Amino acid sequence: MTTRIEKFSRESVAEAAELLANRRVVAIPTETVYGLAANALDKEMWGVREIFRVKGRPQDNPLIVHVSGMKMLRPLVTEIPDIALRLAERFWGGPLTMIFPKSALVSDVISGGLDTVAVRMPASEAALEIIKKCGFPLAAPSANLSGKPSPTTAAHVYEDMNGKIPLIIDGGECNVGVESTVVCFKDGKIRVLRPGGITAEALSEYGEVEVDKAVTVQPDKGEKVLSPGMKYKHYSPKADVYIVNAHGEDFRQYCLKRARYENDLLALGAGVREEGIFLDCGGSPELQARRLFSLLRRADELGAKTVLVEMPQKGGVGLAVYNRLLRAAAFRIIEV
């Protein structure tokens with residue numbers, strides 16, 4: 001199969017919609033990461049099953065359904081809590097996914113066998129135009145091979161999906177850089193299952209917020225999870241990734257010491273200006289989120305065998321960076 005990259009345009013949107021209507025899989029840009037999209041309402045789930053196949057994704061890992069507005073959401077769910085309506089009014093379109101009781105329209109293939117469905121309305125103009133042109137919602141996980149760093153450019157998608165899908169729509173670099181925040185609602189509270197661009201602090205303006213323990217603690221083996229990104233090792237390059245619980249000069253000195261006796265080592269530090277083994281992951285959590293997956297992919301390009309990452313902040317968007325790094329590092333933290 002030939003895989004083409006086409007810039008976002010009226011013509012490429014029409015082509016993407018035609019392919020999706022014909023049960024094909026298309027990579028589309030969103031503000032978070034690039035998604036691998038298929039028709040979420042196809043009864044045979046041909047395109048959705050193809051997503052699992054080309055990604056190598058476990059079947060019990062649910063997919064997020066992308067809609068263009070509340071009108072498209074309502075047939076997919078049996079209940080919309082008042083708090084969800086308020087959050088949608090404030091944060092849709094945007095990087096917020098909400099979990100609802102699903103209707104009979106949503107296949108168990110999409111929900112991973114759960115009786116709930118995760119839904120979001122993206123902010124990306126390209127994604128919204130494609131969904132509107134289709135006239136049906138799109139199931140879309142990240143457009144990478146399962147376990148690898150998520151793609152934030154069309155080139156990243158091509159690296160993983162060349163020869164596997166017919167079309168990649170190039171909408172430029174994603175401006176959030178990590179997947180959406182995922183929440184569910186329990187006992188009138190907002191429970192964060194996966195942190196992202198919409199922070200727990202921002203959500204707390206609309207109700208009491210709880211952060212699920214699985215955000216920072218590895219779930220038990222065999223445990224059923226409600227959200228993508230909670231259970232399996234994710235976001236990881238070929239190199240072994242370690243989070244180093246040190247900052248500034250302490251982090252720098254630890255990395256330099258390791259580099260003396262360990263070849264092919266790369267260090268990702270906040271605001272570093274030193275060349276050699278160091279790459280700058282950005283001084284703010286927002287910048288770190290935008291750069292994280294690109295830097296992890298860069299580690300593979302440079303042939304690194306070990307990647308040491310400075311412990312990020314754990315507040316605001318920093319919690320999303322920390323969550324992704326924990327999975328990339330398989331929860332390995334070095335105390336300095």
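Leu 325 touches Ile 243, Leu 292, Val 309 and Pro 312, leaving aside residues up to four places away in sequence; contact here means heavy atoms within 4.5 Å. This is a predicted model, in which local features need pLDDT of at least 70 and side-chain atom pairs count only at pLDDT 80 or more, while totals for chains, interfaces and linings use all residues. Residues are numbered from 1 along each chain as its sequence is written, and side-chain values use heavy atoms, with hydrogens and water left out.

Stay with Leu 325. Its place is in helix H11. Helices (H or I, at least four residues) and strands (E, at least two) are DSSP runs, numbered from the N terminus. Is Leu 325 buried or exposed? Leu 325 counts as buried, at 1% relative accessibility. Buried means under 20% relative accessible area, exposed over 50%, and partly exposed in between, with a 1.4 Å probe and protein chains only. Ser 9 lies 316 residues from Leu 325 in sequence. The two C-alpha atoms are 34 Å apart in space.

Now look at the helix that H11 packs against. Helix H10 (residues 285–301) and H11 (residues 318–328) pack at an angle of about 25 degrees, with their axes 8 Å apart. Axes are lines fitted to C-alpha atoms, for helices over the stretch in contact, and angles run from 0 to 180 degrees between N-to-C directions. H10 is therefore roughly parallel to H11. Angles under 35 degrees count as roughly parallel, over 145 as roughly antiparallel, 65 to 115 as roughly perpendicular, and the rest as oblique. The crossing of H10 and H11 is left-handed. That term applies if the near helix is turned anticlockwise from the far one by less than a right angle; clockwise gives right-handed.

Which residues of H10 and H11 meet? From H10 come Pro 285, Gln 288, Ala 289, Leu 292, Phe 293 and Leu 296. From H11 come Gly 318, Val 321, Arg 324, Leu 325 and Ala 328. By class, the contact of H10 with H11 has 8 nonpolar, 2 polar and 1 charged residues. Ala, Val, Leu, Ile, Met, Phe, Trp, Tyr, Cys and Pro count as nonpolar, Asp, Glu, Lys and Arg as charged, and the others, Gly among them, as polar. An α-helix has 3.6 residues a turn, so residues three or four places apart point the same way.

Beyond H11 comes a loop. Ala 330 sits in the loop between H11 and strand S16 (333–335). Its phi is near 55 degrees, a positive value in a residue other than glycine. Ala 330 counts as partly exposed, at 35% relative accessibility.

Asp 264 is another residue to check. It is not a glycine, yet its phi is positive, about 60 degrees. Asp 264 is found in the loop between helix H9 (248–261) and strand S13 (265–269). With a relative accessible area of 42%, Asp 264 is partly exposed.

The axes of helix H1 (residues 10–21) and helix H6 (residues 125–134) come within 9 Å and cross at roughly 50 degrees. That makes H1 oblique to H6. H1 passes H6 in a right-handed crossing. H1 brings Val 13, Ala 14, Ala 16, Ala 17 and Leu 20 to the contact, and H6 brings Glu 129, Ile 130, Lys 133 and Cys 134. The contact of H1 with H6 divides into 7 nonpolar, no polar and 2 charged residues.

Asn 22 is found in the loop between H1 and strand S2 (26–28). At 51% relative accessibility, Asn 22 counts as exposed.

Helix H2 (residues 46–55) is next. Its buried residues are Gly 47, Val 48, Ile 51, Phe 52, Val 54 and Lys 55. They pack against strand S3 (35–39), helix H5 (108–111), strand S7 (138–139) and helix H7 (154–161). Gly 56 follows H2, and its phi is positive, near 70 degrees.

A cis peptide bond joins Trp 92 and Gly 93, with omega about -10 degrees. Gly 93 lies in the loop between helix H4 (82–91) and strand S5 (96–101).

Last, the cysteines. How many disulfides are there? The count is 0 disulfides, a disulfide being a pair of cysteine sulfur atoms within 2.5 Å. For Cys 174, the nearest cysteine sulfur is that of Cys 134, 18 Å away. Cys 174 is buried, with a relative accessible area of 3%. For Cys 255, the nearest cysteine sulfur is that of Cys 281, 11 Å away. Cys 255 is buried too, with a relative accessible area of 0%.
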